[in-house]
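Here is a walk through one protein model, sheet by sheet. Keep the structure open beside the text.

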Amino acid sequence: MNLKKMVGYKATEFVKDGMIVGLGTGSTAYYMVEAIGKRVKEEGLSIVGVTTSHRTTDQARELGIPLKDIDEVDHIDVTIDGADEISDDFQGIKGGGAAHLFEKMVANLSEEIIWIVDDSKMASKLGAFPLPVEVVKFGCGQVLKRLKKENLNPEFRLNDDGSKLETDSGNYIIDLHLGTIEDPHKLASFLDSVTGVVEHGLFLDTVTKVIIGREDGLEVID
Ligand code: 5RP
């Protein structure tokens, strides 16, 4: 059973005619976009999508989903996105696909935020998944040093050829290998204060609904 597909398709039940919909990024969000594309084509569902990455833009365009740029909307009704890790208290890590900057900007405009995950993403505490931090290229080595000084175990994310991975905005990603994050709010405040950090992957106090796919069925938590 493809759990990612199950949760992706389930999430589109919360999408109604006339909505502005934030379209997430990743292998789970892929199925949600596919399902919305089907509904647009087969049922004449009338929505406008706001995408969170070039990948999702390409997929949505191919499927004929009408799109607007984030600057052309004043709100988003619902955003549906994947997540890399969700704690017991529904805080999240995102950015495994290096898209968390756009994802957070879209989430910040959204009245409802739905995360779609298979149950492997659920954890008691955050931190087993390396925390992505997007940094500007200029002085990125200094930012790495600063994060090392705080014992945050930072590493540049690399492509297969060893070059630094670039985000859709042309920045780099530093992953923090933390094991456990005892105080996500404190860490988020620290990262927000580091000059050269564009955005980190801690999504705190934002999600309104989580759809979890398990081998024995789906769970929807509000
Ligand atoms: C991309 C993201 C994704 O939502 C997250 O990485 C989950 O991806 P997947 O569904 O492929 O596991 O934050 O930056």
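Two strands count as paired if DSSP finds at least two bridges between them. Helices (H or I, at least four residues) and strands (E, at least two) are DSSP runs, numbered from the N terminus. This is a predicted model: local features need pLDDT of at least 70, side-chain atom pairs count only at pLDDT 80 or more, and totals for chains, interfaces and linings use all residues. Residues are numbered from 1 along each chain as its sequence is written.

Start with the whole chain. Its secondary structure comes to 6 helices and 13 strands. The C-alpha atoms fill a box of roughly 55 × 35 × 35 Å along the principal axes. The radius of gyration, taken over C-alpha atoms, is compared with a globule rule of 2.2 Å times the number of residues to the power 0.38. For 222 residues, a compact globule would have a radius of gyration near 17 Å; the chain has 17 Å, so the two agree.

Confidence comes next. The predictor's confidence in each residue is its pLDDT, from 0 to 100. The chain averages 98, and 100% of the residues score at least 70. The model has an ipTM of 0.98 and a pTM of 0.97.

Axes are lines fitted to C-alpha atoms, for helices over the stretch in contact, and angles run from 0 to 180 degrees between N-to-C directions.

Look inside this sheet. Strand 1 (residues 20–23) and strand 3 (residues 76–81) run parallel and share 3 bridges. Gly22 has Thr79 of strand 3 as its bridge partner. Strand 12 and strand 13 are antiparallel, joined by 5 bridges. These two strands form a hairpin with 2 residues between them. Across it, Ile212 is bridged to Glu219 in strand 13.

Another open sheet has 4 strands in the order 8-9-7-10, paired antiparallel. Strand 8 (154–156) and strand 10 (197–200) stand at its edges with a single partner strand each, so one side of each has no neighbour in the sheet. The twist averages 30 degrees from one strand to the next. Strand 8 and strand 9 (residues 172–176) pair over 3 antiparallel bridges. Pro154 has Leu176 of strand 9 as its bridge partner.

Helix 5 (residues 140–149) packs on this sheet and touches strand 7, strand 8, strand 9 and strand 10. Its direction makes about 10 degrees with that of strand 9. Helix 4 (residues 100–108) lies across strand 7 (131–135) and strand 10, at about 70 degrees to strand 10.

Finally, find the ligand. A residue is near it if its C-beta atom, placed from the backbone, lies within 6 Å. Of the 18 residues around the ligand, Gly26, Thr28, Gly82, Gly96 and Gly97 come nearest. The shell has 4 nonpolar, 10 polar and 4 charged residues. Ala, Val, Leu, Ile, Met, Phe, Trp, Tyr, Cys and Pro count as nonpolar, Asp, Glu, Lys and Arg as charged, and the others, Gly among them, as polar.

Technical notes
Contact = placed C-beta atoms within 7 Å.
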